[in-house]
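Here is a short note for a colleague new to this entry. Please read the points with the model open.

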Amino acid sequence: MTTKLFGEPVRRREDQRLITGKGRYLDDIGHTALAAAFVRSPHAHARIVSIDVDEALDVEGLVAIYTYEDLTGPMAEPLPVLIPHPQLHSPRTGFPLANGEVNHVGEPVVMVVATDRYVAEDVCDRIVVTYEELPVVVGVDAARAAQHAVHEEIPDNIAARHHQETGDVEPVLAASPRALSFTQYIERSACMPMEGKGVHAKWDADDSSLRVYTSTQASTSVRAAIAAKLDLSLDKVEVIAPDVGGGFGVKIVHPWPEELLVPMAAIALGREVKWAEDRREHFIGSAHERQQRQEITVGYDDDGRITALDVHIWHDNGAYTPYGIIVPIVTATQLVGPYAIPVYRVIVESVFTNTVIVTPYRGAGRPQGCYAMERTMDRIADELGLDRALVRERNLIQPDQFPYDHHLTFQDGRPVIYDSGDYPGLLVKLKDLVGWDEASRLRSDAEARGKLLGVGMALYVEGTGPGPYEGGHVQVLGSGKVLVSTGLTSQGQGHETAFAQIVASELGVPIEDVEVTTGDTRRFGYAVGTFASRAAVMSGNAIALAARGVREKALRIAADVLEAEPADLEIDEGLVQVKGVPGTSIPLRTVAVLSNPLRYAFDEAARQATQFAKPGDDDKPPIAEGDAPGLEHRDYYSPIRSTFASGAHAAIVEIDPATWEIDVVKYAVVHDCGNVVNPMIVEGQVHGGVAQGVGGALYERMAYDADGQLQNASFMDFLMPYASEVPDIDIDHQQTPSPLNPLGIKGAGEAGVIPGTAALASAIEDAVGRRIASMPISPTELYDLVRSPDSEMTATAGRRAGTGVMA
Amino acid sequence: MKPAPFRYADPSSLGEALAVLSDEGAKVLAGGQSLLPLLSMRLAAPATLVDINRIPGLDAVEVTADGVTVGALVRHDALLRHEGASAVQPLLARATANVAHPAIRNRGTTVGSIAHADPSGEMTSVFALTDGSVTVATTAGSEVVGWRDFFVGPLETSIPAGAVVTAATFPALPPRSGTAFAEVARRKGDYAVCGAGVVVTLSEDRRVERVLASYVSVGLTPEVHDLTEAVAGSPVEKADWAAAGALARTLVDPDTDIHASADYRRLLVGVLTERTLADAAAEAAGRAA
C-alpha cells in the first residue's frame, strides 16, 4: 500500500512555496491599497488632553484621519473580553482608538490613512497629541504594592483572583515531615513572529460585502467580530488568513484594533486599505507573556515525596485583559506536571500594569508552571541531598494510574484528567539520552578545562487539543483532485502536509491529489482557531472523520457499479476495487462523477453522469432519500476534554568562570505526543520550541524602565537567539496514543518551549552552586549573582565543597 | 518605520558629491548599515542623502610597507579577505571578522563605520589602536586627520558639514609585534558587550617593550590605553598578562546598559586584555624569532 502515509516523515509540501519567496503573505496583497498608520501613545499612562491635526492636513496624499470621536455604534464601545470567567472580577479592555486615556506605550490613539505608508507616517509625525501624564505601574511587584492604580476604579490593580484547590492544604503542610518555601520570578518575552500582524480590507459597494485578509490565527472569529462591530450581516463578510509568517499565540488575540479600524476605513472610503505592522509596532502594540512572581510552599517527606503544594502567583496581565485569564488558568493547572500531588492549592492573582497586554505566547502559562514545579523538585533534592532525577521519579504518576484525575478545572472548563502517558518511561529515556549519570565525570572534565559544568532537567505535561470543536470538509472532484478544507488557520506548521497525509491514508489516494485549504471562511465557516497545540488533534481528527465519510459514500456508489458489497471493496491509489479481484475496479474520480447525477454534460467525464448515459432504476429518485449530490463529506470533532502530551528535557551547560558566558553544550528532549502524523514535522516543532525556550531562558526579556518605556523594542536589542545560540538537539520519542480521539494523537506545537527555562535554571544552578531564582539570566546577571554576598549557596555546592569537587 | 522625505543624489564624481553635500542637512550614504535603520526609525531625517556608491576610485585597498589605505567604498568583507592588507596590519582582518554578520559585512563599509564614530564599532577601535588617520575631502581640498582629532563624542566627529571621508589609513604593524582581537557578544555577530584589540611589541632581546590596547563598547569614544608599565621589561614567556588586565580595568570607564553593567564590562576588559595579550605576545615572539 503506497498511500498509507500517516506516520511517515513526508517532506513539507508548503516549503517549496514558502522558502522560495512564493508565499502570499498579508503585505503581498493589495499593492494599490491605501495605507494605514497609527499615532501610538508615547506614554505608559496618561490622559489625552487634545489631539491637534491642523499641521497634518496639508500633507499631500493624506486621505483620512480617525480618532475616537469618529467611532460610532459598537466601534465606540470597549473591545470585547473574549473569554469571560467568573473569577475575572474586573476585566478591562481598550477601545479601538484611545478614549481619553492611554494605559501603555504603543496604545493606538489616531489612525491615518494615506496614499502610501511613507505619507501616512509623515502625517502621523505632524499630529500633535497633548497628554497629561499619570503615575505608572510597571512589573508585578509594583502592581501588587498598588501605590498607584492602572485603572482608577481598580485601586488594588487586581483583575482576577484565580483559585483552585484539591483539598485542605494547610493541615497537610503542618503535618509534613519537611517543608520549604521560596519565591522566584520569571520575566516577559514575546511571540515575535517574523511577520507582524496585518490587515487588508476591500469593500464591494455594489454587493455591500467586505473581504478582509488578516494575519490571524482565528479567521472565523475575526469574521464574527468584524460583523458585530461594524454592524454587518455575517454573510456579507469573508475573512481569509493568507500565508501567515508565524503566530505563536499573538495572532489568536482578536479583534485587534486594526482588524476593525482598517475595514471600517475601507467601507467609509470605498477604497482598499491595508495596514502592515512594523517591528516597533509589534513590540509595543501587540502582546507579551510570562512575567510572574511565584511564592511556593511544599511539604515533603524524607524520601522527597511531596505531601502538599501551596502556590501563590502574581501574574502581570499588562494594561488590559482581552484574553481573560487563560494564561493564569493554564499556569495553575499545568503546574503539577507529571506528578501525583496529594493536596494542591493554587492562587493566581492577575494584576494590571501599564505595559503591553499579556496573552498566550507558545506555552501560554505552561513554562511558568513548569518552572514553579520543576524548581520545587530541585529544591527538595538539594535539601535532602538526593539526585534530582530520583526525587522526580518518586513523585511521578505511574503508567497504571491512567486516566489520572487531578481534580482541577482546565482552560476549556473541563476537568484535568490525563488520558494516557508513561512518565517513568520518559525519565529513563531522558537520563540515557543526556547521560545524566555521567554528570560528575563531565563536571571534572570541564573543570580541567577551566569551565563550570552543570546539568539540569525538567518534565512537563501539556494539555493539548482543547475543544469546543473543529470541522473538516473533504470533496473528491471529477478530475480526481481531493479538496480538503478546515476552518482553523496555519502559520507555518505544515498543515498542508499533515492534513494531506491523513486524507491520503484514510481515503486511499495519492497525496499529490490532495489540496488543503485552511483559515478561509469562504471554504469553511465554522472553526475555533489555531492555539493550544490543537490543530492536528482537532482538525486532524475532523478531517479524518470527513475522509471516512467520503470513503463510505464512495464504496456505496462503487458497490452499485461493481455489483459488489461495500465491505468487499477497498480504495488504493485512487482506485476503488474488489479486494482480491484485480481488474474489478473503478477510479475514485469516476465515482465522484457518478455521485452527482447530471442533466448537462460539458466534458467526457460529465457525460457518464447524465440521465441517458445508462439505464437507471425507474422506481428510485436519482438522489436517494437522505443522500446528497457530490462525493463529499463534512464532519466535526468535538472532544470530551483535552488530551495530555508529555515530555522531558535535559540541558548541559558550561560556564566560563572568567566571563560568566553560558554555553548550552547539550540539549536532550524526550517527547510523547501520542501517535505521530509526521515525525519530521514534530521534530521541527520541537526544534523551534527549544529555540524559543533557550531564548526565554538566556536571552530575551522585555526591558521596561520605571516609566513604562520599552528600552529594547527592536531586533537589535531584543535578543532572539540566532541559529548560533541554539544548541544541537537530541530527540527521542515515546508514543502513548490518546484514547480520546480516532487518530490517537496529542498536540505537539508548544511542547518544545515549556521546560527550557526550568531545565536551564537547574543546569546553571548546578554549575555555579548558587540559587537561581530569577529567569532569564544573562552573563552580567550571573556575574552579579556569584559575587553577591546575598546570593544563596546551594546545599549541593556545600556538599561538593566538602568533597573537594569544584562547586 | 519608513523614513521621512529626503532628496536623493547619486553623484558620479567626488566634486559633484561635495557640491551637493554643501546643501543644508546633507548626509553621505555609503553602505547604509547604520544610517538606513536610523532613517527608518526617524531618528535621523537628513534633507538630502548623497549616495557615493557611483563615484569611481573609492573602492581601492592600497597596501604599502607603511600601512593600508582603505577607500570609502571598501566593504568590510573585502577588507576581511584582503590578504595583502592583513599581512601588513593583521588587526584589520581580525577586527572585521567580528563585524556583525556576512550580509552586513557585504554592504557596510569600513570607512563608513569609522565616520559613524560608534564606540561599539570594531573598526573605530582598531582605527585608534593602529594610530590611524582619515582623509577628509571638502570643496577646499583634502586633509589628513589623525584619529585623536577625529573622534569628538559618540556618533560625533570633527569633520565639518559638507565634507566626506574618502579613505582611512591604518599604519603597518611595527616590527617584533603581535596583535589579537577578541570580544564577548550576547549573540554571535551582535555589537560586542566588550571587545579588546591589543598590540604587543617586543625588544630585540624578546622582552616586552610596548603594550597597547583599545576596547569596543567601553567609553564614549575610542581610546588607546598604554598598558606597558604593568609588564615592561618582562621576558615575553614570563610576562604577567593578568597584571596588564588589572591595570586596564583601572583605566577604563565603561557604562551600564540593558545588556551589561559597567562592572561586568570592566570585568571583561580585564579578562579579554589578559587573553588577547597572551595571544598577541605569542605572535610577537614568533615574529621576533
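1. Domain bounds here come from an automatic or database domain assignment. By that assignment, chain B splits into domain 1 (1–173) and domain 2 (177–288). Their C-alpha centres are 25 Å apart.

2. This is a predicted model, where local features need pLDDT of at least 70, side-chain atom pairs count only at pLDDT 80 or more, and totals for chains, interfaces and linings use all residues. Residues are numbered from 1 along each chain as its sequence is written, while chains are lettered from A and ligands numbered from 1 in the order in which they are written.

3. In chain B, 20 residues of domain 1 contact 22 residues of domain 2 (contact: C-beta atoms, placed from the backbone, within 7 Å). On the domain 1 side, α8(B) gives the largest share, seven residues. Helices (H or I, at least four residues) and strands (E, at least two) are DSSP runs, numbered from the N terminus.

4. Between the chains, 15 residues of chain B meet 24 residues of chain A. Helix α12 (residues 262–288) of chain B contributes the most to the chain B side, with four residues.

5. Chain A has an open, antiparallel sheet of three strands, ordered β22-β23-β24 (strands pair if DSSP finds at least two bridges between them). β22 (569–572) and β24 (585–587) of chain A are at the edges with a single partner strand each, so one side of each lacks a neighbour in the sheet.

6. Three bridges link β23 (residues 575–578) of chain A to β24(A). Val576(A) has Ile586(A) as its bridge partner in β24(A).

Terms used:
Contact = placed C-beta atoms within 7 Å.
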